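Morning, everyone. Please take a moment with the sequence and the model before I start talking.

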Amino acid sequence: MGNGQPGAIRSSSKLVSFLVSKTHLTLDRVLSRAGAASRSTSRQWIEEGRVKVNGKVIRDPDHWVEHGRDAIHLDGLPVRAEKKLYIALNKPTGVVTSHGDRQGRSTVYDLLKTLNRWVFPVGRLDMDTSGLLILTNDTAFNERLLNPVSKIPKTYYVKVAGSMEPEHYRALESGLDIGDGEITGPAVAREVRRSDKNTWFELTITEGRNRQVRRMCEAIERPVRKLVRIRIGAYELGPLPVGSFVALGPADLRQLLDAGPRPGETDSI
């Protein structure tokens, strides 16, 4: 009996560990597995007091919960493993791409009140930039769309002060220093129209540096007066009204992930 008992104890311990791992999870893992955000972001949100368990704010990301029994809410919305959701929003100017704003400015979540589902932005658009913004609860899709290796092209409609000459377009397309030693990669520029004071053109990039398009235009001394993202991959913003959103289907997702010909591999139009 002495020889069998330790083995029995070890087997029992393994069984208990297995059952606990199946029915109990740390709070950050619950949020991550539900598609709310990555584990690191989930931990940050928990520490900020945005998560409640059974009506009580929990700030410890390692707090254990019983999956499927404890009621978990993020920003007042229930957290559960839901069907994956993908949204295209036509973001207006003057709206920030965040959940809350300390300065009291409008956020994209003010435009999503009728959705009643938790989604997070795939990347960001600064407050003064409008256009196509994707939101989802699918962390894997988010990572795939943002991964620099994917080189998913993003196209912007740009209005700049002054006239654009051939050398300006060549500089944008071939890469230029946008400050702090950051050199941009290949891009594609196509002029749309011009007036005596302004020029409008489309610019396609495959990078996601902070305020990249604005910094590129500043580098050629052509300040941006209007900036709209009109396309990601092969998915077009189209006639979606400003401030409105639409759910995306499988065909739309394929278009979003379509890298197509990359800047530098085709001639400018």
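What share of the contacts with a separation of 6 or more in the protein chain comes from residues 24 or more positions apart? The figure is 65%. Contact here means heavy atoms within 4.5 Å.

Some ground rules. This is a predicted model, so local features need pLDDT of at least 70 and side-chain atom pairs count only at pLDDT 80 or more, while totals for chains, interfaces and linings use all residues. Residues are numbered from 1 along each chain as its sequence is written, and side-chain values use heavy atoms, with hydrogens and water left out.

Now the overview. The protein chain has seven helices and 15 strands. Those are DSSP runs, numbered from the N terminus: helices are H or I with at least four residues, strands are E with at least two. The chain holds 269 residues, and 43% of them count as buried. Buried means under 20% relative accessible area, exposed means over 50%, and partly exposed is in between, with a 1.4 Å probe and protein chains only.

Start with helix 3, residues 39-47, where Ser-42 lies. Is Ser-42 buried or exposed? Buried, because its relative accessible area is 0%. Leaving aside residues up to four places away in sequence, Ser-42 touches Asp-28, Leu-31, Ser-32 and Ala-37.

Four strands form an open sheet in the order 3-2-5-6, with antiparallel pairing. Strand 3 (56-57) and strand 6 (77-78) are at the edges with a single partner strand each, so one side of each has no neighbour in the sheet. Two strands pair if DSSP finds at least two bridges between them. Strand 2, residues 51-53, is joined to strand 3 by two bridges. One detail there: Val-53 has Lys-56 in strand 3 as its bridge partner.

Stay with this sheet for Asp-75. Asp-75 sits in the loop between strand 5 (72-74) and strand 6. Its phi is positive, about 55°, although Asp-75 is not a glycine. Most residues other than glycine have a negative phi. Asp-75 counts as partly exposed, because its relative accessibility is 26%.

On to helix 4, residues 139-146. Which residues of helix 4 are buried? Thr-139, Phe-141, Asn-142 and Leu-145. They cover an arc of only 160° around the axis, so they lie on the same side of helix 4. The arc is that of the directions from the helix axis to the C-beta atoms. Among the elements covering these buried residues are strand 7 (86-91), strand 9 (130-136) and helix 7 (250-256).

Helix 5, residues 166-174, buries His-168, Tyr-169, Leu-172 and Glu-173. Their arc is only 130°, which puts them on the same side of helix 5. Exposed Arg-170 and Ser-174 are on the face turned away from that buried side. The cover over the buried residues includes strand 11 (188-194), strand 12 (198-205) and helix 6 (212-219). Just after helix 5, Gly-175 has a positive phi of about 110°.

Strand 11 and strand 12 run antiparallel and are joined by six bridges. A hairpin of three residues connects them. Arg-193 has Trp-200 in strand 12 as its bridge partner.

Helix 6 contains Cys-217. Cys-217 counts as buried, because its relative accessibility is 0%. Its contacts, not counting residues up to four places away in sequence, are Val-158, Val-160, Phe-201, Arg-222, Pro-223 and Val-224. Cys-217 and Ile-178 are 39 residues apart in sequence, yet 8.8 Å apart in space, C-alpha to C-alpha.

Past helix 6, the loop to strand 13 holds Glu-221. Glu-221 also shows a positive phi, about 60°, without being a glycine. Glu-221 is exposed, because its relative accessible area is 63%.

Last stop: the largest pocket. How many residues line the largest pocket? There are 31, and Arg-124, Tyr-156, Gly-208, Arg-209 and Arg-229 lie nearest its centre. Helix 4, strand 10 (154-161), helix 6 and strand 13 (224-232) are the elements that each give two or more residues to the lining. A pocket is an open set of points on a 1 Å grid over the protein atoms alone, where a 1.4 Å probe fits, with protein on both sides within 12 Å along at least five of seven lines; lining residues have an atom within 4 Å of a point.
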